[in-house]
Amino acid sequence: MSKAVALAGVRHAYTEAGTGRRVEALAGLDLNVAAGELVAIVGPSGCGKTTILHLVAGLLKPDAGSVTCGGAPVDGIGTDRVLVFQDGALFPWLTVAENVSFGPRARGEGTGRTAELLAALGLDGAADRYPKELSGGMRQRVALARALAVDPAVLLLDEPFGALDALSRERLQDVLEAAWLRDRKTMLLVTHSVEEAVRLADRVIVVSPRPAAVRADVRVDAPRPRDVTALGEIRRTIAQMVRTPE
Amino acid sequence: MVAPGGAVRGALRGASRWTLVLVLLALWELGGRTLVTDPRTLLFLPLPSTIAAAAWALARDGSLLVDLGRSGGRVLVGSLAAVLVGVPLGAVVASWPRVGAALDAPLRLVRPIPPIAWVPLTILWFGVGELQQVVILFFAAAFVVMAGTTDAVRGVPPTLLAAARNLGVPERGLLLRVSVPAALPGVAAAVREGVGTAWFVLVAAEFLSASEGLGVLILEGRDLLEPARTFVGMGALAACGAATDLALGALQARLTRWT
């Protein structure tokens, strides 16, 4: 299978605001994601998971090592790799439909697949509403639809359901899985929920506390849709690794 | 769509907002008529009916309209100039940190000078007249508009800019597609505050160097020993300030329906 995303020996350090200290987020990280694969990254909070996504998105540059997408080195932000922010980062002055069609319109392509995506993500009843009128779950649906509207090769999801209540969270996981099953896009999902990772991902990458390195690469082979209660053992194993420092 | 019932309720709510004002005016009138017997007291603290009669007389001879027009025109022109200069300047200071850093010290020094302190110099530079009046109001409003715009543009969330670039907006498109709409609510609030400041400073500027205007009307009450005139001028100012603020508030709500 072709590599959709590859990180090889990636190092990244940043200067902490306030103290001015250099903090090493990644110290030689290797990660490969095949085309069409849904990979989840789990690890303790503040371990540098988000840094991995920002490097693939092109928001950050690696200090050393290489980041490639579809075989080509990542050079800055691009519409082939779209990031879904934790808070959605919706444009508050645009309606739901306008948010979703933002990407296609910015590139002069009209509204693109907006109508189709609104229907697929259960948003057609809310097309003319503004983001402030939406629940957290609805906002994340819009964020997902807006990202899918530019038809990226890779979708990067940064704890997209982290701020939602349990029920909305489960619904959104179903929505995400359905979108993935439909388009088979390569997806890289950062989450602090082991349950979410096991439920959705083909592979779960466990990263160690800062500086992040891959501690385990666990394949989840259960058929979809998955019943997480039946995946107790794999969940416990991963959760154990996330909790205990080596 | 607002249902007809809702419109009626809205109108009633709008009217009930002024109930207390009307009650206080009625108490003032009644209290004055029943409790005050000394005519000198009624001269210096005239009753609402006396003030209304004075307002009517000033309206009939046209002088109230002239004063209103003068003052309103000064506020309008001074505020417009303040918006035209203050909004772009505030946006530049916020967008280009080096310009902001360079302008920081001079602005810190100039800003605490009360607008009225510029009156002597502006009279020497521009002579007594409309230009000089407008320049004072411009100073007063421009700093408010500029500071508010700077805050609004600085407050544009970086994630919105990153999201827009990620969705395919080129660097040069970010201003119109993201920064302007994201900063609009803050800029609108700053403009509203700036116009309010212009009304505030107007009277002092007119006291010092104007021959017509609401400030002049207020002074005439003392000079002609007709305090009712002063009350008419103060009432007109209150009405103008409140009306401008309500109108700008409605415009602001229309422009930023999403907030």
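A: Begin with the residues in contact. In this predicted model, 23 residues of chain A are in contact with 17 residues of chain B.

Q: What area is buried between chain A and chain B?

A: The buried area is about 1800 Å², and carbon and sulfur atoms give 68% of that. On the side of chain A, I77(A), W93(A) and F102(A) supply 34% of the area buried against chain B, more than any other three residues.

Q: How many salt bridges and polar contacts are there between chain A and chain B?

A: Take a nitrogen of Lys or Arg within 4 Å of a carboxyl oxygen of Asp or Glu as the criterion for a salt bridge. Between chain A and chain B the count is zero salt bridges. Polar contact is found for four residue pairs, with both residues at pLDDT 80 or more.

Q: Which elements give two or more residues to the side of chain A that touches chain B?

A: They are β6 (81-84), α3 (102-106) and α5 (136-148) of chain A. Of these, α3(A) gives the most, with four residues. By class, this side of chain A has 15 nonpolar, three polar and five charged residues.

Q: Now the sheet. What is the order of the strands in the open sheet of chain A?

A: The four strands run in the order β2-β1-β4-β5, with antiparallel pairing. β2 (22-34) and β5 (72-73) of chain A each have a single partner strand, so one side of each is left without a neighbour in the sheet.

Q: How many bridges join β1 and β4 of chain A?

A: Strand β1 (residues 3-15) and strand β4 (residues 64-69) of chain A pair in the antiparallel sense over five bridges. R11(A) stands opposite A64(A) in β4(A).

Technical notes:
Residues numbered from 1 in each chain as written. Chains lettered and ligands numbered in written order. Predicted model: local features only at pLDDT ≥ 70, side-chain atom pairs only at ≥ 80, totals over all residues. Heavy atoms only, no water. Contact = heavy atoms within 4.5 Å. Buried area = accessible area lost by both parts, 1.4 Å probe. Salt bridge = Lys/Arg side-chain N within 4 Å of Asp/Glu carboxyl O. Polar contact = N/O pair within 3.5 Å; in protein donor to acceptor, adjacent residues only side chain to side chain. Nonpolar A, V, L, I, M, F, W, Y, C, P; charged D, E, K, R; others polar. Pairing = 2+ DSSP bridges.
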